[in-house]
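Me: I would like to learn how to read a fold from its model. Can you take me through this one, feature by feature?

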Amino acid sequence: MPPQSSMKAESNSSQVPSARVIARALAPLNDLLALAHPAMVQGAAAAFHKGQDFALEIDQASQYWGFDLVQHPSRIAADGVILEISNVRPKHG
């Protein structure tokens, strides 16, 4: 079982937004989008390394989020991908 981790996301309007949000083996895509959304609204793009279940994670996240996606093969893991995500917006209803 992978180690448990906790993360606190904070927003501070006086900070300059990041140009890119990057994560590897942190959380399911749906959770990553929730954490990254405040920075992405301000123009940041995201690159998330995902493993063999990436298609399922995309399907699950797309139930709650709209986003633009470019999929790149991973150079680290044969069954992994880099998901380049932009234009994240929550789905309502």
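Me: Which residue in β4 does Ala47 stand opposite?

Reply: Ala47 stands opposite Glu84 in β4. Before we go on, a word on the source. This is a predicted model: local features need pLDDT of at least 70, side-chain atom pairs count only at pLDDT 80 or more, and totals for chains, interfaces and linings use all residues. Residues are numbered from 1 along each chain as its sequence is written, and side-chain values use heavy atoms, with hydrogens and water left out.

Me: How many helices and strands are there in the protein chain?

Reply: Start with the definition. Helices (H or I, at least four residues) and strands (E, at least two) are DSSP runs, numbered from the N terminus. Here the protein chain has two helices and four strands. Along the sequence they follow the pattern β-α-β-α-β-β.

Me: In what order do the four strands form the sheet?

Reply: Pairing comes first. Two strands pair if DSSP finds at least two bridges between them. In this case the order is β1-β2-β4-β3, in an open sheet with mixed pairing. The edge strands are β1 (20–24) and β3, each pairing on one side only. On average, neighbouring strands are turned by 25 degrees against each other, direction ignored. For such angles, axes are lines fitted to C-alpha atoms, for helices over the stretch in contact; angles run from 0 to 180 degrees between N-to-C directions.

Me: Which strands run parallel, and which antiparallel?

Reply: Take the pairs one by one. β1 and β2 run parallel, joined by five bridges. Within that pair, Ala23 has Phe48 of β2 as its bridge partner. β2 and β4 run antiparallel, also with five bridges. β3 and β4 run antiparallel with eight bridges. Trp65 stands opposite Pro90 in β4.

Me: What does α2 lie across?

Reply: α2 lies across β2, β3 and β4, and runs at about 165 degrees to β3.

Me: Which residues of α2 are buried?

Reply: Buried means under 20% relative accessible area, exposed over 50%, and partly exposed in between (1.4 Å probe, protein chains only). In α2 (residues 54–61), the buried residues are Phe54, Glu57, Ile58 and Ala61. They cover an arc of only 100 degrees around the axis, so they sit on the same side of α2. The arc is that of the directions from the helix axis to the C-beta atoms.

Me: Why do residues three or four places apart point the same way?

Reply: An α-helix has 3.6 residues a turn, so residues at that spacing point the same way.

Me: What covers the buried residues of α2?

Reply: The cover includes α1 (29–41), β2 (45–50), β3 (65–73) and β4 (81–90).

Me: Is Glu57 buried or exposed?

Reply: Glu57 is buried, with a relative accessible area of 17%. Now ask what it touches. Contact means heavy atoms within 4.5 Å. Not counting residues up to four places away in sequence, Glu57 touches Ala27, Pro28, Leu29 and Lys50. Ala55 is also in helix α2, but Ala55 is partly exposed at 42%.

Me: How many residues has the largest nonpolar core?

Reply: A nonpolar core is a set of buried Ala, Val, Leu, Ile, Met, Phe, Trp, Tyr and Cys residues joined through side-chain atoms within 4.5 Å. The largest here has 20 residues. Those with the most contacts inside it are Leu29, Leu33, Phe48, Phe67, Ile85 and Val88. β1, α1, β2, α2, β3 and β4 each give two or more residues to this core. The largest share, five residues, comes from α1.

Me: What does Phe67 touch?

Reply: Not counting residues up to four places away in sequence, the residues that Phe67 touches include Leu33, Ile58, Ala61, Ile85 and Val88. Asn87 is another one of them.

Me: What is phi of Asn87 near?

Reply: The general idea: most residues other than glycine have a negative phi. Phi of Asn87 is near 55 degrees, a positive value in a residue other than glycine. Asn87 is in strand β4. Asn87 is partly exposed, with a relative accessible area of 45%.

Me: Last, what share of the protein chain do buried residues make up?

Reply: Buried residues make up 31% of the 93 residues. Among contacts with a separation of 6 or more, 60% join residues 24 or more positions apart.
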